[in-house]
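Hi,

Here is the structure I promised to pass on.

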Amino acid sequence: MIVYHGSILEIKNPDVNHSKKYLDFGKGFYVTTYPKQAERWAVRKSLRSGKGRPTVNVYELQDDFMGYRVLEFRDPEDDEKWIDFVCDCRDGKEDYKNYDIIIGGVADDDVFKSVDMYHRGAWDKQRTLQELKYFKKNNQIAIINQKALDDLLVFRSSYEVEGK
């Protein structure tokens, strides 16, 4: 499967060590199956850092995860578990380290506002789940384990996008 990673530079040999710790699924290398999503990530990273060029890296990800510890939030009934997992990761808990690969939705700007309302205790879980139904779902695949990253991901190309 073809996946994309938004950055400020070409990354031929990705590693999990350059990741921030408090992301949706913890520290890892993040990709998506949506090129437009990766393009938005690249532009955002470029604007925030003030350096580099918005660059989308294109990889081939083997989709046979046999032998790897995978956590996947795919179905709408997984939303409750997803919310708790994302909040735990953003709090610095390290349950994500029990997995090699984590797949699920992205707490992007709109979704994050709802998750944050729950996280701060302003909304209960049911209200938050109701709000999440109105947002378009994106996806992300976090590869947590360097061996899994090395075994499953192959760099194919990169391209620059215009900053917006």
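The sheet is open and mixed in its pairing, with four strands in the order β2-β6-β5-β4 (strands are DSSP E runs of at least two residues, numbered from the N terminus; two of them pair if DSSP finds at least two bridges between them). β2 (29-31) and β4 (70-72) are at the edges with a single partner strand each, so one side of each has no neighbour in the sheet. On average, neighbouring strands are turned by 15 degrees against each other, direction ignored. β2 runs antiparallel to β6 (residues 140-143), with three bridges; Tyr30 has Ala142 in β6 as its bridge partner.

Bear in mind that this is a predicted model, where local features need pLDDT of at least 70, side-chain atom pairs need 80 or more, and totals for chains, interfaces and linings use all residues. Numbering starts from 1 along each chain as its sequence is written, and side-chain values use heavy atoms, leaving out hydrogens and water.

On to the cysteines. A search of the whole structure gives zero disulfides (cysteine sulfur pairs within 2.5 Å).

Cheers

Conventions. Axes fitted to C-alpha atoms, helices over the stretch in contact; angles between N-to-C directions.
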